[in-house]
Amino acid sequence: MNKICFREEAKDWNEALPIGNGFIGAMVFGKIGTERLQINEDSVWTGSFMERVNPDARENYPKVRELLLNGEIEQAELLAERSMYATYPHMRHYQTLGDVWIDFYKQRGKTIFKKDQGGLLSVQHESVEVQTYNRELDISRAVGKIQYESEKGKYEREFFASNPDHIIVYQMKSIDGELLNFDLSLTRKDNRSGRGSSFCDGTEVLDGNKIRLYGKQGGDHGIAFELLVQVRTKNGKISRMGSHLLVEDAKEATLFITARTSFRSEQPLQWCMDVLSNAEKESYGTLQERHIKDYLSYYEKSNLKLNYKDSYEHLTTPERLEQMRNGIEDIELINTYYNFARYLLISSSREGSLPSNLQGIWNEEFEPMWGSKYTININIEMNYWIAEKTGLSKLHMPLLEHLQRMYPHGKDVAEKMYGIDGFCCHHNTDIWGDCAPQDNHVSSTLWPMGGAWFCLHLIEHYKYTKDMEFLKEYYGILKDAVKFFLQYMVKDAHGKWISGPSSSPENIYLNQKGEAGCLCMGASMDTEIIKELFNGYLEITEENQLPNDLNEAINERLNHMPELQIGKYGQIQEWSEDYDEVEPGHRHISQLFALYPAGQIRMDKTPELAQAAKQTIERRLKYGGGHTGWSKAWIILFYARLWEKEEAWKNLKELLEYATLNNLFDNHPPFQIDGNFGGACGLLEMLIQDYSDKVFLLPALPNSLSDGEVNGICLKTGAVLDMKWKEGNIDKIKITAIRDCKFILVTEKEYPLHLKKDQTVFLDKNFKERGRKTK
């Protein structure tokens, strides 16, 4: 249930197995002849901070706004492109660190001649023939294993990424066959055929058992990086040849891999040397034991177990995915998929690390799609939707800590672009917290809501934790985000407070004149996000009796903001006017932010809007929507919130069938990690929906998931829920209060609960109390 399994080497990067400790990660290919470990370090980004704010924005954005209010879309967008887009369109982007190559030159297969993409003939080697081969990633332990048998004998490899020891460990053993002989080297180059550029300053051997790869990313203040690998052998000889290490006749060999950049350390090389020195003192067993203990301290915070009748463990993961495409439901694989999402979060977002980016930390490109940055018009937020509710609150912090990097730049952008006191960010940010507009694409570039959406995660973290020290540290950011919109909003012709210039990411509308447009005033998503921001701020200030100097202005805005409108197709309107879309099947469904992650549309409180939301989804799907992994994941969440259990289940299966790669990575395409997190969150939302005041149990439980249990689910009011269900009905419930709390449990009926801190209540299938206890 907790393994990703292959019976062959990885054909490409999308079949390699990911490991990570939050800071460094690897994609392990499992090659017999020449093994490749593609390495990432989360702070390897291109260059230093760039000042990109357009100096003409402040003077011209009111003119852009006026043109939009007058319906002069083309002129507005032309002026915005010239005056509001950044002086340089792109902020910094994420890159691969490099590759560790292990050339088992005595285990090469037959020599072949093959033409590359440029038509050049090259000498290559086929993979050696094997009698057995198994490559797997055990999600329950965060340990990978490769086992194979060839004419040379039996071999075994094991690998993991340790957070406590700051290393990746890759161990190789000859079980009963020829001893290990290999050539170890490092590269940092584009591995596509014909691309010969190297992106480092050099490699060298140190101390006779280490290889170093080093360099600096562009500019005087760019990021310097270090990648070091140390070899330890049993009954073997290590020697140097050029910048390679040769290992001969070893029964066993272990690689210790670490990396560091100047983003975190003044002397990254010395840091790496110290890490390797400490690792060298420990046995392999001790390192692995420490790693597993650390990993399980997060992984075992919560658990979901869906019962199933048929097990397909004898099949590989690609075979199981193919089987699902042919109509066979594999509930066990759904369990694995859910657990894999938690594995990915633990592996890519740890205390002190950078946030999980568009690819978590796993990226092999020097110019990845969308820069593998932090795209904050949904994608990076989706990465963290499961964090608080699954007990991984600490792993939410890298996202929130990044707000502190963004904050000074966001205040600068607010003042320089808009002449406003406050904090804002557009639809992307980078390692330095750049908040200026990104790209030169009219459908996405000018969207000043990114900082506000980030701040909703700040509000959510506080709701779950009630951490006063956290609130003291972050309250100023939240208040400045509110200040920005109090000044940025204007009244429309109907006297309603709206925002703009903005857009509805990343969609294009047709106005009454037949003109295509992206920039607008008062997009529905803007209003929905601002309402969440304002209400969250008011709740926090009132609860903690904080200064209320903004409250009167906030309430005035809230009382005179547009309500959600139902359009001519019965859909939730995306814009202030009932425009048609150029692409009715667009991947973004931004107007349904109110349904999820917000709770402004609810089945129990706004049934008419809920029906319009359903119509919105059906219209999108009718025209081909949900065709990217993350978009499909969002649709699962929408249907779950609408209690459309079979539609939610159908889309969850389709996420695995058509938008999941063989190693279970989400496929945008290309690989993008948000769909993994969103899909897992969608499954959880079928089982439990938490609106603070009410907690709905099994609101969208499909027939196929009639039996199961979930443990360790955190509720916003301050309790932890364990639940078991049979034949589609609640069987037993256990709720433990972390602090004093009260809320209503909802199934067919409502059951009010009031618990004191450290109190646990047990309920049976009829919701009768079977006991209470206090620690």
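Modeller: Residues are numbered from 1 along each chain as its sequence is written. The model is predicted, so local features need pLDDT of at least 70, side-chain atom pairs count only at pLDDT 80 or more, totals for chains, interfaces and linings use all residues, and side-chain values use heavy atoms, with hydrogens and water left out.

Biologist: Let's start with helix 12. Which of its residues are buried?

Modeller: Helices here are DSSP runs of H or I with at least four residues, strands are runs of E with at least two, and both are numbered from the N terminus. Buried means under 20% relative accessible area, exposed means over 50%, and partly exposed is in between (1.4 Å probe, protein chains only). In helix 12, residues 551–559, the buried ones are N551, I554, R557 and L558. Looking down the helix axis, these buried residues fall within an arc of 125°, so they line one face. That arc is taken from the directions from the helix axis to the C-beta atoms.

Biologist: What sits on the face turned away, and what covers the buried residues?

Modeller: The face turned away carries the exposed residues E552 and N559. The cover over the buried residues includes helix 10 (468–488), strand 23 (497–498) and helix 11 (524–543); contact means heavy atoms within 4.5 Å.

Biologist: How do I describe two packed helices?

Modeller: You give the angle between their axes and the distance between the axes. Axes are lines fitted to C-alpha atoms, for helices over the stretch in contact, with angles from 0 to 180 degrees between N-to-C directions. The axes of helix 14 (residues 629–641) and helix 15 (residues 645–658) come within 8 Å and cross at roughly 165°. The two are therefore roughly antiparallel, a label for angles over 145 degrees, while under 35 is roughly parallel, 65 to 115 roughly perpendicular and the rest oblique.

Biologist: Which residues make that contact?

Modeller: Helix 14 brings G629, K632, A633, I635, I636, Y639 and A640, and helix 15 brings E647, A648, N651, L652, E654 and L655. They divide into eight nonpolar, two polar and three charged. Ala, Val, Leu, Ile, Met, Phe, Trp, Tyr, Cys and Pro count as nonpolar, Asp, Glu, Lys and Arg as charged, and the others, Gly among them, as polar.

Biologist: Where does helix 13 meet helix 14?

Modeller: I617, E618 and L621 in helix 13 meet I635, F638 and Y639 in helix 14. By class, five residues of this contact are nonpolar, none is polar and one is charged. The axes of helix 13 (residues 607–622) and helix 14 come within 11 Å and cross at roughly 150°.
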